[in-house]
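This report walks through one protein model and its ligand, going from the overall outline to single residues. Please keep the sequence and the 3D view at hand while reading.

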Amino acid sequence: MSTRSGNLVDSIRRSIVRRVSLSIIVTVLAIGTVAMAAIICWHYQRQYDDFESSTSNVTNAYSSAIAGAMWHLDTSQLNLLADGIQQQESVSYVRINDRGALNIERGIRPYHRDIQTSDLLYNGTPIGQLEIAFNRESVFSTTIQTILPSLIALLVGLSLFGIILVVILQRVVSSRIQSLALEVRDRLENNRFEPLSLQPSSSHDEIDSLIRTFNKLSERILDELQQKTVAQQQLSVVNLELEDRVKLRTYHLQETVTQLNQTLIDLNTTQSKLIEAEKLSALGGMIAAIGHEIETPLGLCLTVQSCLKNDVIALKRAMPSGAINQTQDAMAAVDESLAMLDRNLKRSAELMKGFKEVSAGQIGDDRQRISLLETIQEVVAVLTPKLRQTKHTINIDCASNLMLQGSATAISQVLTNLIMNSLTHGFHNIDEGEIRIQAGENHEWIILRYSDNGVGMSDETKQKIFEPLYTTLRGKGGTGLGMHLVYNIIRQRLKGDITLEESDVGVVFRMQIPKQKRRQAS
Ligand SMILES: Nc1ncnc2c1ncn2[C@@H]1O[C@H](COP(=O)(O)OP(=O)(O)O)[C@@H](O)[C@H]1O
Ligand SMILES: [Mg+2]
């Protein structure tokens, strides 16, 4: 409240109207004062002159009567005359003297030189003096009395003039400037740069031009603001677009990087698979070649052994019984050697057959369409006599409509080897093992999952499982050719893939075989 009143006082103190009015009033007052002073002086002078001339008139009028009374020494007459003079309006002091003892005085003698002294002449002879003085104060008061109404009128006029001036200034200048200031402040405080509601008057004065200028300025600021807003909106749209684009690019880039990484991993896997496949293929080829090379001399050995056996039988028949008795021990040794030769040659021939088979040559017709379920069931049926001797079970989970183009013999060989391995290796010291064969498909592939819950494999076996001649039953009937044959059949013949998967129990093989026969191996 005090601040507001303080502001009001401050604004009044600073008001143009107040200052202009004050200046005008001071000027008018100064001029008025000067004019009044001049008027007073003029009136005073006139009054003074009037008093002076009336004093002279009085002197002239009374001189001869006083001179007569003085001549006759009529003191009472002189006193009456002195009283009469003193009662004149302009006279304040009278003195009649005869330069001797007579001295009649009325009033207080003033100490200025405005005392008119005239000689009293009787018949031309000076007999005394008459001194008359008029009162300057009464001159002044008379002057004042004369001009007082004019002065009051002047003062009233000046005051009226001042008031009217202030009102006019207030209406024409101050109130308009204040309204202008209020509107401008309102727009500034509320950030509203719209034209003023204050209309310029028809007089086209400075304030009107100020209003027009401010309106133009606010229009321009409004334009600028609008342009700025539009520019900001466009900028934010561009920013958003840019952000989106950056996000999209980053996303694509990340996708590309992920794809590249995956490709790299795939490439590494393929490379190691290729190296592995090459190695296995080279080893397999070598074993097949050994099998092929040894098969012929081995066949010859078998023939020779057979001939030798026949020769020994013929020799025995031809020999007299006495001679046989004599050579009985030697004959027995020969028979035993021949039997041993026969056993080992046959085993070697079997092994060589296995050696030749690992090359996974033509096994049956590759182009026939076979039912996977039927093929699995046939394998299980063949192995049933063997399974019956144990408590192991085989679970098959395969849809009956799963078909693929390939050799049923090849699939049978794969499954037979896998099942035989589970029985021989996996279920070693296990009475009730379980084998699961699960099959599914996708657009291109048949996915075959073979697992048992046997003892599983060591890390070394996992590494070398597909290598030819790798067996953990060396010298105990193991040849190490089964899994290599499985690998070759799946990869080379069926153009598929086989991997050993990680599992906590037993072993899990995952095989994928193309539904349609392929020309190129991966
Ligand atoms: N189901 C299985 N459970 C545990 N070990 C297995 C299984 N299948 C294969 N193996 C291991 O893989 C080796 C190689 O198998 P394979 O090539 O068939 O040779 P073989 O059966 O003549 O030993 C086996 O000696 C055995 O140690
Ligand atoms: Mg085996």
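## Overall layout

The domain assignment divides the protein chain into domain 1 (2-176), domain 2 (193-359) and domain 3 (361-522). The model is a predicted one, and the values that follow are computed from it. Taken over C-alpha atoms, the centres of domain 1 and domain 3 are separated by 152 Å.

The outline of the protein chain can be described in two ways. Along its principal axes, the C-alpha trace spans about 250 × 50 × 40 Å. The radius of gyration is 76 Å, whereas a compact globule of 522 residues would have a value near 24 Å.

In its secondary structure, the protein chain has eleven helices and eleven strands. Of its 522 residues, 33% count as buried, and the chain exposes about 33200 Å², of which carbon and sulfur atoms supply 57%. Among the contacts with a separation of 6 or more, residues 24 or more positions apart account for 68%.

Which residues come nearest to ligand 1? Of the 19 residues around ligand 1, these are H425, T471, T472, T479 and M483.

| Residue | Atom of the residue | Atom of ligand 1 | Distance |
|---|---|---|---|
| G426 | polar backbone atom | nitrogen | 3.4 Å |
| D452 | polar side-chain atom | nitrogen | 3.0 Å |
| T472 | polar side-chain atom | oxygen | 2.4 Å |

On its own, ligand 1 has 530 Å² of accessible area, and the protein covers 94% of this area.

S407 is placed in the loop between β7 (403-405) and α9 (408-426). Is S407 buried or exposed? Its relative accessibility is 1%, and because buried means under 20%, S407 counts as buried. The side chain of S407 reaches the backbone nitrogen of T409 at a distance of 3.2 Å.

A polar atom of the side chain of T269 lies 2.6 Å from the backbone oxygen of I265.

Most residues other than glycine have a negative phi, which gives a reason to look at the following two positions.

The phi of L73, a residue other than glycine, is positive and near 55°. L73 lies in the loop between α2 (16-71) and α3 (75-86). Its relative accessible area is 66%, so L73 is exposed, the limit for this class being over 50%.

L469 is not a glycine either, and has a positive phi of about 70°. Where is L469 found? L469 is in the loop between α10 (459-464) and α11 (482-493). At 32% relative accessibility, L469 counts as partly exposed, because 32% is between the limits of 20% and 50%.

Note on methods
Residues numbered from 1 in each chain as written. Chains lettered and ligands numbered in written order. Predicted model: local features only at pLDDT ≥ 70, side-chain atom pairs only at ≥ 80, totals over all residues. Heavy atoms only, no water. Domains from an automatic or database assignment. Helix = DSSP H or I, 4+ residues; strand = E, 2+ residues; numbered from the N terminus. Buried < 20%, exposed > 50% of the residue type's maximum accessible area, 1.4 Å probe, protein only. Polar contact = N/O pair within 3.5 Å; in protein donor to acceptor, adjacent residues only side chain to side chain. Rg over C-alpha atoms; globule rule 2.2 N^0.38 Å. Contact = heavy atoms within 4.5 Å. Areas by Shrake-Rupley, 256 points an atom, 1.4 Å probe, with all protein chains shown as cover. Near = heavy atom within 4 Å.
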